[in-house]
Amino acid sequence: MSEQTHPLWNQFIRAVQEEVKPALGCTEPVSLALACAIAADLLPGEVTRIEAWVSPNLMKNGLGVTVPGTGMVGLPIAAALGAIGGNAHAGLEVLKDATADALVRAKALLEAGHVQVKLQQPCDEILYSRACVHAGDISAMVTIAGGHTRVVEVVCQGETRFTLDKPVTEADGDPLAVLSHATLSQILEFVEQVPFEAIRFILEAGQLNDALSREGLSGKWGLHIGATLDKQRSRGWLAQDLGSDIVIRTSAASDARMGGATLPAMSNSGSGNQGITATMPVVVVAEHLQAGDERLARALMLSHLSAIYIHYQLPRLSALCAATTAAMGAAAGMAWLMGGSYQTIAMAIGSMIGDVSGMICDGASNSCAMKVSTSVSSAWKAVMMALDESGVTGNEGIVAHDVEQSIANLCALACRSMQATDRQIIEIMASKVS
């Protein structure tokens with residue numbers, strides 16, 4: 001079958017390529033680091049001062065997370081290292097080339113009190129960072145809004161060098177716009193029929209996130225949940241089975257990512273943890289089944305594209321922990337690997353909506369790995385039930401008889417009523433640092 005026969009194929013592939021990218025470190029502080037790096041790249045001399053303003057949600061996700069290679073948490077070190085040692089052209093991997101000398105100079109800038117990060121209020125954008133970087137009397141300012149790498153304005157010495165003043169639409173080539181009128185059944189049809197070579201690139205997600213998982217199992221990072229559970233399993237407190245493998249290896253990757261390991265994660269929807277959650281359960285099940293590269297690629301594509309499809313209906317950042325929705329993608333990928341049909345996948349996702357839909361996001365931190373472990377455990381449980389034709393029905397709670405309506409119900413909560421929850425979470429977190 002040709003791509004012309006299925007015009008959605010290219011659009012689905014573009015959506016995945018847009019939303020599944022390598023990211024080094026938590027993407028909210030990294031977004032600020034990128035704004036600082038781009039601004040510093042316009043300056044002729046040594047960075048002497050940084051002023052930055054971020055949205056409440058970006059502040060929430062930057063307060064307690066370790067910046068890779070620094071051993072420090074928070075937005076100020078991300079801003080300083082981005083300005084002094086960041087690669088302005090590396091997107092979410094902006095800090096990948098930062099040297100030990102750059103870190104020393106970044107810390108010195110912090111210690112001198114020359115880095116300030118403030119809340120932008122009022123702020124209409126959920127994801128927003130504006131960085132004004134100074135080199136003596138010369139300054140440059142870069143604003144990122146609406147996406148972790150979406151630069152909307154560049155100003156140097158008061159002169160506007162670039163401005164992006166309109167949203168990208170489907171007519172302009174927005175690769176995600178196709179998701180507003182796609183369905184899960186179309187995604188499954190695409191995954192099963194698209195030529196393998198067109199989606200082979202998704203295998204890199206498995207390689208990158210598995211490397212993070214192996215690093216996390218060293219026990220050096222974050223809350224070392226994966227390593228701890230692995231140790232307890234060796235003592236006989238957990239079963240040595242596929243379910244525990246899924247939880248341990250996925251948690252370990254999140255441990256390393258949140259703990260500041262200098263390895264990139266393959267992200268999903270702008271989040272490394274979502275990428276890990278959509279990837280590792282599928283990789284573990286594929287290994288157990290001894291699936292080849294093609295079957296793994298199709299399962300990973302189903303998982304990542306389903307996660308993107310669900311997350312597209314949510315605010316970019318919200319009070320809903322999106323590890324849960326990424327794990328719904330993983331449930332789809334695992335169920336398909338194990339011979340499940342569309343109905344199996346739909347039933348598993350519905351059961352997850354009935355199980356973990358209330359999990360809140362209270363900022364990026366080491367504890368995210370706990371939420372990742374909970375989400376993938378729910379996914380595995382839901383898949384086991386669905387394969388036996390059992391699941392939460394449309395007679396219960398927010399779950400509907402149709403999976404698309406169940407997803408819409410979940411996303412309606414995050415888009416509307418949970419906005420008040422988000423404000424309360426931010427208020428609680430802000431009181432801890434004031």
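Reader: Which element gives the largest share of the lining of the largest cavity?

Author: Helix α15 does, with three residues. Keep in mind that this is a predicted model.

Reader: How do I read a cavity at all?

Author: Start with the general idea. Rolling a probe the size of a water molecule over the atoms shows where empty space is left. Now the case here. The count comes to one cavity of 30 Å³ or more. The largest cavity holds about 380 Å³ of space.

Reader: Which residues lie nearest the centre of the largest cavity?

Author: Look for Asn-61, Ser-271, Gln-274, Ala-322 and Cys-361. They belong to a lining of 31 residues. Two or more lining residues come from each of α2 (27-41), α3 (56-60), α10 (242-259), α11 (272-289) and α15.

Reader: How do the lining residues of the largest cavity divide into nonpolar, polar and charged?

Author: There are 13 nonpolar, 12 polar and six charged residues.

Reader: How much space lies in the largest pocket?

Author: About 830 Å³. Its lining has 29 residues, and the closest to its centre are Gly-146, Gly-147, Arg-150, Leu-176 and Arg-316. Helices α1 (8-19) and α12 (293-311) each give two or more residues to that lining. By type, the pocket lining has 13 nonpolar, eight polar and eight charged residues.

Reader: Now a helix. How many residues does α14 have, and how far does it reach?

Author: Helix α14 covers residues 342-356, which is 15 residues. From first C-alpha to last it reaches 21 Å. That is close to the 21 Å expected at 1.5 Å a residue.

Reader: How do I read which way the residues of a helix point?

Author: An α-helix has 3.6 residues a turn, so residues three or four places apart point the same way. Then check burial in this helix. The buried residues of α14 are Thr-344, Ile-345, Ala-346, Ala-348, Ile-349, Gly-350, Ser-351, Met-352, Ile-353 and Val-356.

Reader: What do the buried residues of α14 pack against?

Author: They pack against α6 (184-193), α12, α13 (323-337), α15 (368-387) and α16 (403-415).

Reader: Which residue caps the N-terminal end of α14?

Author: Ser-341 does. One of its side-chain oxygens lies 3.3 Å from the backbone nitrogen of Gln-343.

Reader: And where is Ser-357 found?

Author: Ser-357 sits in the loop between α14 and α15. A polar atom of its side chain lies 2.8 Å from the backbone oxygen of Ile-353.

Reader: Is Ser-357 buried or exposed?

Author: Buried means under 20% relative accessible area. Ser-357 has 15%, so it counts as buried. Leaving aside neighbours within four places in sequence, Ser-357 is in contact with Leu-320, Met-352, Ile-398 and Leu-410.

Reader: What about Ser-213: buried or exposed?

Author: Ser-213 is buried, at 0% relative accessible area. Find it in helix α8 (residues 203-216). Not counting residues up to four places away in sequence, Ser-213 touches Arg-249, Ala-252, Ala-253 and Met-280.

Reader: Let me try a strand. Where does Thr-143 lie?

Author: Thr-143 is in strand β7 (residues 138-145). Thr-143 is buried, at 5% relative accessible area. Apart from residues up to four places away in sequence, Thr-143 touches Tyr-128, Ser-129, Arg-130, Arg-150, Val-151, Val-152 and Glu-153. Now take Met-72, 71 residues from Thr-143 along the chain. Their C-alpha atoms are separated by 24 Å.

Reader: Which residues does a cis peptide bond join?

Author: Gln-121 and Pro-122, with omega about -5 degrees. Pro-122 is in the loop between β5 (115-119) and β6 (128-135).

Reader: What is the phi of Gln-157?

Author: Near 50 degrees, a positive value in a residue other than glycine. Gln-157 is in the loop between β8 (151-156) and β9 (159-163). Its relative accessible area is 47%, so Gln-157 is partly exposed.

Reader: And what is the phi of Gln-290?

Author: Also positive, about 55 degrees, although Gln-290 is not a glycine. Its place is in the loop between α11 and α12. With a relative accessible area of 73%, Gln-290 is exposed.

Notes. Residues are numbered from 1 along each chain as its sequence is written. This is a predicted model: local features need pLDDT of at least 70, side-chain atom pairs count only at pLDDT 80 or more; totals for chains, interfaces and linings use all residues. Side-chain values use heavy atoms; hydrogens and water are left out. On a 1 Å grid over the protein atoms alone, a cavity is a set of points where a 1.4 Å probe fits but cannot get out, and a pocket is an open set with protein on both sides within 12 Å along at least five of seven lines; lining residues have an atom within 4 Å of a point. Grid points are joined across faces, edges and corners, and a volume is the space filled by probe spheres set on the points. Helices (H or I, at least four residues) and strands (E, at least two) are DSSP runs, numbered from the N terminus. Ala, Val, Leu, Ile, Met, Phe, Trp, Tyr, Cys and Pro count as nonpolar, Asp, Glu, Lys and Arg as charged, and the others, Gly among them, as polar. Buried means under 20% relative accessible area, exposed over 50%, partly exposed in between (1.4 Å probe, protein chains only). Contact means heavy atoms within 4.5 Å. The expected span of a helix is 1.5 Å times one less than its number of residues. A polar contact is a pair of N or O atoms within 3.5 Å; within protein, one must be able to donate a hydrogen and the other to accept it, and residues adjacent in sequence count only if both atoms are side-chain atoms.
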